[in-house]
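Please read the following report alongside the sequence and the structure. The text begins with charged pairs and then turns to helices, the surface and the confidence of the prediction.

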Amino acid sequence: MLFRGIYRLLVLLQLVIGIAGFLLSALILGERINVGLQPFSAMFMAFILGVVSLCVHEGGHYLGAKWTGMTVLSMRVLAWEIQPLQRGWKARWSRRAKGQPLAGYVIAVHPPRQPLRRAMLVFTLMGPLLNLLVAGLCLALFALLGGEFAALVLALGVSNLATGLANLVPTVAPGRVSDGAGFLAWLCKPDERGQALANPRLMALGVAGTQAEDLPSADLEALSAQSMPAPLSALGYRLCTRQNKADWAGAVALGDELEAMLATHPLVLKPYMVLLSILRAELAFSRAMLERDARELSDYLFNEEIDWYAPSFRPRCLALRAAVAGDASQVTLCMEQAVHLARNSQDRSLGPREERLAGYIQALLTAPASSAALPDPVSRAAAVTGSN
């Protein structure tokens, strides 16, 4: 009961800091800047400064990740989502899904052969620290400036100060752990080789280029034993392993296991539903490869979420459709696109995987319809990807 009471006080403190920062910024703007329609104009400007402070905060996490050599996979500020690529960036405007943090996030993985704890301490702390640094600079500038611009600078400083302090308060909510709570957790020296950190280790190896079949089996077993959605991720690794080995019957068999898993542990949060839709789409692809029948690969499989998180899936399915139809030129065109998209991802395991799958798909053009196994795809994949 004592710990629960303390936790509620911390949540209340975090809420008070956030609200106080917004109201104080609006008060400063309303008193010093006259643009009419008060107090609504001041509140609107305070909201804009809050968004700027949030961008500073997530930018701090991004800089912390780059400083420690981590690979940034995704970033979000309110409804604006960004994915860094090998060459360039891609961005989209999307509504916040249930279970996602309201403000924003940065998802990054550490280099697999470097200590995770140090990287996570820097990564976690850099967000609020950059807010506090900007707040300090704004307060220093305010002392040197005058007029309405000085008021704007002061309000920005207050907004950044509130954002930094609120994020340092240690709280945990569904789908969100504050930076203060995360920093304390890593400060307590968790066992970096323990089962609890199996998923970060697997992600780090995959992003560095390790194929699913070469991942440590002990970590995969540990991931399967954790609470949802970890078993979904573990099943995804096993599905990739069987696809990489052209074990289409084994891949399709995982569909029954998936449905049994969902019957026992139903999903309720939308981010996990995206993972589930990708798994079901890959199972449909595996059935099409097994049966040499692309009718299941209809347009219902292709949606905005899959195109965003697995952009090579659509052209790969289109290549399989073309292979079943005997259109060799279309197969080459679509697989070149799939491999190109995979190679441009920050996940370095995706390019070689798509090259291997390209070989299996091209083999359909010459393999007998009754063939249960496909020839080794290495030489065929080289033909597909040689022009990239």
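The structure, which is a predicted model, holds 15 salt bridges.

| Side chains | Distance, N to O |
|---|---|
| Arg 76 and Glu 81 | 3.3 Å |
| Arg 280 and Glu 259 | 3.2 Å |
| Glu 354 and Arg 316 | 2.9 Å |

Arg 76 and Glu 81, whose side chains meet in a salt bridge, are both buried. These two residues also belong to a network of salt bridges, in which they are linked with Arg 92, Glu 304 and Glu 305.

The salt bridge between Glu 354 and Arg 316 links distant parts of the chain, for Glu 354 lies in helix α14 (residues 350–363) and Arg 316 in helix α12 (residues 313–325), 38 residues apart. Here, too, both partners, Glu 354 and Arg 316, are buried.

The salt bridge between Arg 280 and Glu 259 likewise links distant parts of the chain, with Arg 280 in helix α10 (residues 270–291) and Glu 259 in helix α9 (residues 248–264), 21 residues apart. Arg 280 has a relative accessibility of 37% and therefore counts as partly exposed, and Glu 259, with a relative accessibility of 40%, is also classed as partly exposed.

The buried residues of α9 are Trp 248, Gly 250, Ala 251, Leu 254, Gly 255, Leu 258, Met 261 and Leu 262.

In helix α5 (residues 179–187), the buried residues are Asp 179, Gly 180, Ala 181, Gly 182 and Trp 186. Against which elements do the buried residues of α5 pack? Their partners are the helices α2 (40–67), α3 (116–144) and α4 (147–168), together with the strands β5 (172–173) and β6 (176–177). After α5 comes Lys 189, which has a positive phi, near 55 degrees.

Helix α3, one of the elements against which α5 packs, is also the place of Asn 131. The relative accessibility of Asn 131 is 0%, so this residue counts as buried. When neighbours within four places in sequence are left aside, Asn 131 is in contact with Ser 53, Val 56, His 57, Asn 160, Thr 163 and Gly 164.

Finally, the confidence of the prediction should be kept in view. The chain has a mean pLDDT of 87, with 89% of its residues reaching 70 or more. Confidence is highest in helix α13 (residues 328–343), at a mean of 96, whereas helix α15 (residues 378–385) has the lowest, at 42. Over residues 370–388 pLDDT stays under 50, although the model has 33 contacts for this stretch beyond four places in sequence.

Note on methods
Residues numbered from 1 in each chain as written. Predicted model: local features only at pLDDT ≥ 70, side-chain atom pairs only at ≥ 80, totals over all residues. Heavy atoms only, no water. Buried < 20%, exposed > 50% of the residue type's maximum accessible area, 1.4 Å probe, protein only. Helix = DSSP H or I, 4+ residues; strand = E, 2+ residues; numbered from the N terminus. Contact = heavy atoms within 4.5 Å. pLDDT = per-residue confidence, 0-100. Salt bridge = Lys/Arg side-chain N within 4 Å of Asp/Glu carboxyl O.
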